[in-house]
Amino acid sequence: MTSAADADPGTVRPGGRTARVRAAVLAAAGDALARGGLAGLDLAEVARRAEVGRTTVYRRWGTPAGLVADLLAEMAEQSLPRTETGTLLGDLRANARLVQSTLADARQGALFKAVIAAATCDEQTAAALHRFYETRVDEWAVCVQQAVDRGELPEGTDTREVIRAVSAPLYYRLLTTAAPLDQATADRAAEAAAAAARAGVFTAARD
C-alpha cells in the first residue's frame, strides 16, 4: 500500500491533520515563489514559515520542484469551475475575466511568472505546469463544444485551441509588457477568439 510520504507530490488527497499540514506548506511555498521565484524556494524556510517540521517537508516533497508540482495540483483543484452563459462570447468572456483577475492579482501574477520561468529549465516543474493548464483547458473546452452543438461554431472546431486562444494574449501581456492587465484586455481577447472560431480558424480541416 502506498503511503502519503511515498506517493508523488500532488497525487495524494489527504484529510485531517495531513490536509492542514499540506495547506500550510503550500501556502508558504506560494508566498516564497511570489517573492523570490524557484531560486528562493528553500524547503527548510518553507517549513519554518508553515510551522511544520523540516523532516515532514523533506520526506513528503523532497525537492523544490516537487513542492511546486503539488502547489500547481492544488491550484488546479481550487480553481473556479467554468461559467456557462448560454452563448459562446459570454462563456469566453467569463473565462478571460477569470484568467485576467488571477494574473492581475499581485501575489498570483508573481507566482505564475515564477513558475513559468522555472518551467523553462526544470522538467518536473514544466510537466506540472502542463498538467495544470490541461486541467483548466479541459474544464472550459466544454463551453466551446456546447457552442458547436448549438450551431454557433462550425463542426470540427478544436475546442481546446479556442480556450488557449483566449488566455494566450493575457499571458503575453503579463510576461512581456508593463501594460495593465485589465478587464477590457480580457474582453478583447475573448472577442478575438470568438471571431476567429466563428470564421473557422480552429477547425481541424483548416491547413
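In the predicted model, helix 7 contributes Tyr133, Glu134, Val137, Asp138, Trp140, Ala141, Val144 and Gln145 to a contact with helix 8, where the partners are Thr159, Arg160, Val162, Ile163, Arg164 and Tyr171. Sorted by class, this contact of helix 7 with helix 8 comprises eight nonpolar, two polar and four charged residues.

The geometry of the pair was also computed. Two packed helices are described by the angle between their axes and by the distance between those axes. The axes of helix 7 and helix 8 (residues 159-176) come within 7 Å, and they cross at roughly 120 degrees. Helix 7 is therefore oblique to helix 8. The crossing in which helix 7 passes helix 8 is right-handed.

The largest nonpolar core contains 61 residues, and those that touch the most other members are Val25, Leu33, Leu41, Leu67, Leu72, Leu92 and Leu103. Helix 7 (residues 123-150) supplies the largest share of this core, with eleven residues. When residues up to four places away in sequence are not counted, Leu92 touches Val144, Val162, Ile163, Val166, Ala190, Ala193 and Ala194. Val144, Val162 and Ile163 also take part in the meeting of helix 7 and helix 8.

Arg49 belongs to helix 2 (residues 43-50). This residue is classed as partly exposed because its relative accessibility is 47%, a value in the range between under 20% for buried and over 50% for exposed. Arg49 touches Ala28 and Arg35, with residues up to four places away in sequence not counted. Asp31 is 18 residues from Arg49 along the chain, and the C-alpha atoms of these two residues are separated by 9.7 Å.

How values were computed
Residues are numbered from 1 along each chain as its sequence is written. This is a predicted model: local features need pLDDT of at least 70, side-chain atom pairs count only at pLDDT 80 or more; totals for chains, interfaces and linings use all residues. Side-chain values use heavy atoms; hydrogens and water are left out. A nonpolar core is a set of buried Ala, Val, Leu, Ile, Met, Phe, Trp, Tyr and Cys residues joined through side-chain atoms within 4.5 Å. Buried means under 20% relative accessible area, exposed over 50%, partly exposed in between (1.4 Å probe, protein chains only). Helices (H or I, at least four residues) and strands (E, at least two) are DSSP runs, numbered from the N terminus. Contact means heavy atoms within 4.5 Å. Axes are lines fitted to C-alpha atoms, for helices over the stretch in contact, and angles run from 0 to 180 degrees between N-to-C directions. Angles under 35 degrees count as roughly parallel, over 145 as roughly antiparallel, 65 to 115 as roughly perpendicular and the rest as oblique. A crossing is left-handed if the near helix is turned anticlockwise from the far one by less than a right angle, and right-handed if clockwise. Ala, Val, Leu, Ile, Met, Phe, Trp, Tyr, Cys and Pro count as nonpolar, Asp, Glu, Lys and Arg as charged, and the others, Gly among them, as polar.
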